[in-house]
Amino acid sequence: MEFLTQEKLVIVGAAGMIGSNMAQTALMMRLTPNLCIYDPYGPALEGVYEELRHCAFEGVNLTYTTDVAEALRGAKYIVNSGGAARKAGMTREDLLKGNAQIAEQFGKDVKTYCPDVKHIVIIFNPADITGLITLLYSGLKPSQVTTLAALDSTRLRSELAKFFKISPDEVKNPRTFGGHGEQMAVFASTATVDGKPLTELIGTEALPDGEWEALKVRVIQGGKNIIDLRGRSSFQSPAYVSIEMIAAAMGGKPFTWPAGCYVNNDHFQHIMMAMETTIDANGVTVREPKGTPAEEAALEESYKHLCHLRDEVIEMGVLPAIDKWHDLNPNIR
């Protein structure tokens with residue numbers, strides 16, 4: 001079986017549950033034979049390496065290292081799950097300070113060791129902010145850095161399918177936008193359920209308003225629910241979806257779920273947030289979501305929340321003031 005590309009893919013944070021699952025998924029999907037797994041914690045990383053070797057994948061040049069320079073040199077694609085994990089009782093925003101500093105150093109390392117990288121997917125939380133920091137310090141173009149945001153939309157798909165007792169495949173175009181956090185904007189106007197517009201079902205006997213509001217809460221707290229059920233944060237779903245994203249950037253099937261991406265237009269300025277996107281071999285292209293007035297108001301509130309987090313990072317000194325961003329990364333306008 002052929003590989004999608006021969007170019008080097010690096011999994012950062014590969015000693016963890018998300019990272020190790022990403023590495024296995026990438027090999028199972030035959031993305032590239034040249035996979036490097038990196039983590040500063042050597043014993044667990046070596047354990048992941050040994051397990052992957054025991055899978056007996058054919059034609060694979062699998063390497064591992066605790067040296068970031070060795071890992072990143074020659075990398076064309078990177079998926080980074082290398083931040084601190086969310087624990088019970090924590091929000092994604094609670095991880096802000098430590099993971100912001102990790103993202104800063106990662107961006108600098110990319111600029112130093114693999115400035116020719118083609119695409120990076122950031123998934124450690126709060127991903128909208130860590131992705132923004134990575135973009136600014138890496139010197140890459142906005143089309144080259146995306147963050148994992150699709151899980152909120154896939155969770156909406158799952159909750160609707162469970163509620164209506166239908167196959168998830170019968171739920172089309174479910175969407176959440178804005179932040180990947182408690183302030184996400186859940187859109188109903190984009191979706192159909194078993195061929196019917198979701199907006200026509202809400203407020204009827206099929207989906208009373210109260211049930212819809214409760215369903216939205218389950219979507220928003222989907223990550224918390226996994227922690228409550230399993231005693232640890234999600235790892236299977238973020239691993240799979242993030243590898244689908246990087247596979248699209250490698251030239252595979254385009255990724256058409258929402259992704260976090262850099263936005264600077266007349267409406268949303270100097271921010272990374274989940275938008276309607278397509279990821280393919282040219283990077284990410286962005287389309288601004290269109291919804292009902294209430295949905296667009298919710299998206300505006302989500303944007304304001306992300307701006308608050310961004311400004312916190314600026315106050316920490318991790319990022320310079322916005323008017324200095326172009327000096328840091330000339331690709332940022």
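1. Three strands form an open sheet in the order E7-E10-E11, and their pairing is antiparallel. This is a predicted model, and the points below describe that model. The edge strands of the sheet are E7, residues 171-172, and E11, residues 196-197; each of these pairs on one side only. In general, the strands of a sheet pair through backbone hydrogen bonds, either parallel or antiparallel.

2. Strand E10 covers residues 192-193 and is joined to E11 by two bridges, with the two strands running antiparallel.

3. Helix H1 (residues 17-28) packs against helix H10 (residues 236-249) at an angle of about 45 degrees, and their axes are 8 Å apart. H1 therefore counts as oblique to H10, because an angle under 35 degrees would be needed for roughly parallel and one of 65 to 115 for roughly perpendicular. The crossing of H1 past H10 is right-handed.

4. Which residues of H1 and H10 meet? From H1 they are Ile18, Asn21, Met22, Thr25 and Ala26, and from H10 they are Gln236, Pro238, Ala239, Tyr240, Ser242 and Ile243. By class, seven residues of this contact are nonpolar, four are polar and none is charged.

5. Helix H4 (residues 96-113) and helix H5 (residues 127-138) also pack together, at an angle of about 30 degrees and with their axes 7 Å apart. H4 is therefore roughly parallel to H5, because angles under 35 degrees count as roughly parallel. H4 and H5 cross in a right-handed way.

6. On the H4 side, the residues that meet H5 are Leu96, Asn99, Ala100, Ala103, Glu104, Phe106, Gly107, Lys108, Val110 and Lys111. On the H5 side, they are Ile129, Thr130, Ile133, Thr134, Tyr137 and Ser138. The contact of H4 with H5 has eight nonpolar, five polar and three charged residues.

7. Is Ile37 buried or exposed? This residue lies in strand E2, residues 34-38. Ile37 has a relative accessible area of 0%, so Ile37 is buried; the cut-off for buried is under 20%.

8. Leaving aside residues up to four places away in sequence, Ile37 touches Ile11, Ala14, Ala23, Leu45, Val48, Tyr49, Leu52, Leu62, Thr63, Tyr64 and Thr65. Between Ile37 and Glu7 the separation is 30 residues in sequence and 14 Å in space, C-alpha to C-alpha.

How values were computed:
Residues numbered from 1 in each chain as written. Predicted model: local features only at pLDDT ≥ 70, side-chain atom pairs only at ≥ 80, totals over all residues. Heavy atoms only, no water. Pairing = 2+ DSSP bridges. Helix = DSSP H or I, 4+ residues; strand = E, 2+ residues; numbered from the N terminus. Axes fitted to C-alpha atoms, helices over the stretch in contact; angles between N-to-C directions. Parallel < 35°, antiparallel > 145°, perpendicular 65-115°, else oblique. Left-handed = near helix turned anticlockwise from the far one by under 90°. Contact = heavy atoms within 4.5 Å. Nonpolar A, V, L, I, M, F, W, Y, C, P; charged D, E, K, R; others polar. Buried < 20%, exposed > 50% of the residue type's maximum accessible area, 1.4 Å probe, protein only.
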